[in-house]
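Hi,

Here's the structure I said I'd pass along.

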Amino acid sequence: MASKEILRVSDLCVDLFTQRSVIRPVDGVSYSVAAGETLAIVGESGSGKTVLNFAPLGLMPTGVNVDLSGSILFNDTELVGIAEPALRKLRGGSIGTIFQDPMSALNPARTIGRQIAEVSELHMGLSSSQAESRALDLLKLVRMSDPDARLKQYPHELSGGLRQRVMIAIAVAAEPQLLIADEPTTALDVTVQAQIIALLKDLQKRLNMAIVLITHDMGVVAGIASRVAVMYAGRVAEYGPVGDVLVEPRHPYTMGLIDAIPRADDAPGSLFRGLPGAPPILGAPIPGCAFAPRCHAAIESCHITRPALVSTVQPLVSAACPIINKHNHGGAYVQH
Amino acid sequence: MLTLVSRRLRNSLVLLMLATLLCFTLVVSAPGNIAVLIAELRTPKATFADIHKIELELGLDQPIVTRYSHWLTGALQGNLGISYKTGEDIGPALSSRLPITATLVAGGATFAMLFSFVLGFAGALWPGRFADVATRTIALLGASMPSFFVGALLIYGLAVQLRLLPTFGSEGLSSWILPWITIGLLPAAVLSRVVRVGLEEAMSRPFALTAVAKGLTRRTILVRHALPNIAPTYINALGAQTGAMVVGAVVVEPLFALKGVADLFLSGVLFRDFMVVQACLLVFISFFVVLNLLVDIGMMFTDPKLRRQGS
Amino acid sequence: MKFLREFLSYTSSLPRLAIWAVGTFLFLGIFAPWLTPHDPNAQNLLQAHLGPSFAHWLGTDHVGRDTLSRLILSARTSVVGMTLVLVLALSVGVTIGTVAGYRRGWVEEGLMRIVDVGLAMPSLIVALAVIGIFGTGYWNMILALALAWWPGSARISRAVAVNVMNRPHIESLRVLGASPARIYFHHLLPATLGAVLVYATADAGAVALAIATLSFLGLGIQPPTPEWGQMLVDALPYLESSPRQVILPGLALTLAVIGFNLLGESIALNRVPTPLSRKILRQRRITAAAWKKA
């Protein structure tokens, strides 16, 4: 990888405290993102992929307290234990964020223009009129039709796809180095989904920003990401270049996920293939491999000791499963 | 926009007609014959003929609808009848008393508005801290203390013990301070809860998280993002509370010896002086209807969804 | 027994101050005649304006009546009045609200217009007007307040009733051939009543305040029946010499209303998430720390 690494997450654990319970939705996760590349984080809902990205940025709802351990280096700044004012400068500035549901993520009582302009006012020190004209440029950048009129409109006057474009305009307003997109296409129509993905790719090229894309849609992963991390129950199951992981999955969970995608050559009327069982309910950390109860290849030791994420025969891909590696490739594990 | 305003205006007129009709029937349905009461008032030994004369004079022999329209057209021209008790013409009495009640309610509403924002905002800015607990306690006390008790405490503390402020009279700003606080404390407490709960609710919605992701401080998010969202609710509550201040005025005016409309209404109620009660109710009802209309328009201006409907 | 246990576990989730205030208020209200140390109406001009003593714990008023006894008996006046007003207002309001919610159409339209007029005017102004026309007296006050209070419960019952009628199981009941009376009495009314009773709890404080205010103005409870608002207005001329007689009834009333307001608040605030208290956060951290060792 030639370009500079801008984000390195090592052994990150997130504990969430609420009025009723304690959970550890993220348990020892490591990955890195290089400038200008896209990393997709894939997993079912409840696999911890959203918390992994938002908890360190302080983007948790009221009533949820967060404890972090491990390390997150963003441009050589340590984000674990960072003071709130310093973190606030990063949010919206060098790190942009897109949320899943553009319907509720925009303020219904303020105009589109103001909601975009205030970001560049804050992070680029622009005056209100300069920010206003920049908001217009941004609307053009995200390819909104009739941008002049849009500035004065309210969110309820726009469709879902247009609102997501506004969210993207807000997220890139201060030209961030890293964009975190949490299921940016899930709440949208299929036709609009493709437009939004194309837009993100285009913006990435223009602004040379890295993207962390959180999704459960393998199609989206294949369309935009260069690398992928597959998460299961708060841990990374498999991690590597998209071409390798999607074409030749090694972890039984990844295999199941990819196998579950309906294929064009499926016989009409054939049953959906899904993974049997359900993901575990998060709470105390699971001692062995979290996937073991649903795994067809699990052996006794899988239930007792947690498998480490190690490089496979293909050195760019790592997987947290001893069995498949041994059976398919027969090689010894290489310590990551 | 304009069509929406005119629709509200029509609704207000319907409300005004219904309310005045209700008010009129209430007085008409009073037990006992009004003519007898008046006749006894004029001459202690009224004869049957006297009573009949007064009945004709008042038009009591005509059907209710005619009497209602007579009363209403008379009222529009400022002719509100005479007090059975004092024989005084009610129209001029009302117009001389109106400024006092208006000053009381306007000042009380301003105090309530300012104080409710201070209380509600401090709590939302530092949730769970001392300011939160303190403002909540003040709000709870303010919402639970009867206004006559608040007034008595203020008179005792500030006027009797500390001799800081006069307890009665309506001259100069200082004589108004105690009445304004007394009448405004309860609405301030209720409104501060509207602000507090509204802000908290707005801060728990997804758009607040977007604002956090933009890098804004909590204070900025509260002012720029949460506040515009509670504006319609707040205006609605402010209208209701300002209307309810007429009730407060009924207590506060006698307590501070202010000769306002509410004081006149109370004496009308105490002496069962129907014409006075009726005239004061008409003033109050018009006030409520205008207030409702203002609230509707205010909500339209602060809620973008409502604003775009008519245009 | 099971019902009692459920009730107790429900009350334990409410603020403690509210339970104490409302509990004391209701207890005094029910058992007042057996709790007063003196005859609350026995006058003794030789013992007027006394301070607290062993015989009169909270002193005496301007005609030498025992203040503590009068305060206790006032709770009864208040509880009885409040209950009567709420029962009357709720019966009228729930009936009209549910009928409007059940029938819909022009019935609803007509009934709700009347409710709107009632709601456009503050309750106490309506009550004052009614008293002004029909005269003072205990039952006139109760009826006037009930008349002023029913539109609020009518609006809420209508909203709940419309909601209940839109639920799918009512539709299936119709299809299965349930009679309108059965739907109304077995399904609509019980569901509405539950929601409206919660609202009534929160509103009880306002009714207590209204009774006291009317009595303060000389239009509600008539002497010699003791009532907090009336005790306060009686003592007002002597504010400078014995402020205690003004402050005590005011405090008693305030405490009772605080109880009801806190109840209402705890019901309303439940849906908004609040930040974690330090105590809970500490407990949660201990749980998480145990994981790291394992």
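**Where chains A and B meet**

The contact takes 27 residues from chain A and 19 residues from chain B, where two residues are in contact if their C-beta atoms, placed from the backbone, lie within 7 Å. On the chain B side, the elements giving two or more residues are helix H9 (206–213), helix H10 (218–255) and helix H13 (304–310). Helices (H or I, at least four residues) and strands (E, at least two) are DSSP runs, numbered from the N terminus. H9(B) gives the most to that side, with 6 residues. By class, the side of chain B that touches chain A has 9 nonpolar, 6 polar and 4 charged residues; Ala, Val, Leu, Ile, Met, Phe, Trp, Tyr, Cys and Pro count as nonpolar, Asp, Glu, Lys and Arg as charged, and the others, Gly among them, as polar.

Before you go further: this is a predicted model, in which local features need pLDDT of at least 70 and side-chain atom pairs count only at pLDDT 80 or more, while totals for chains, interfaces and linings use all residues. Residues are numbered from 1 along each chain as its sequence is written, and chains are lettered from A and ligands numbered from 1 in the order in which they are written.

**More on H9(B)**

H9(B) is largely enclosed by the rest of the structure, because 7 of its 8 residues are buried. Buried is 20 or more other C-beta atoms within 10 Å of a residue's own, exposed is 12 or fewer, and partly exposed is in between, with C-beta atoms placed from the backbone. The buried residues of H9(B) pack against strand S6 (95–98) and helix H3 (102–105) of chain A, together with helix H8 (174–203) and H10 of chain B. After H9(B) comes B:Gly215, with a positive phi near 95°.

**A bent helix in chain C**

Helix H2 (residues 16–35) of chain C spans only 24 Å between its end C-alpha atoms, whereas a straight helix of 20 residues would span 28 Å at 1.5 Å a residue (expected span: 1.5 Å times one less than the number of residues). H2(C) bends by about 55° at C:Gly29, and C:Pro33 follows within four residues. The bend is the angle between axes fitted to the seven residues ending there and the seven starting there. C:Gly29 is also among the buried residues of H2(C).

**One more buried spot**

C:Val207 sits in helix H8 (residues 180–216) of chain C and counts as buried because it has 25 C-beta neighbours inside 10 Å.

Cheers
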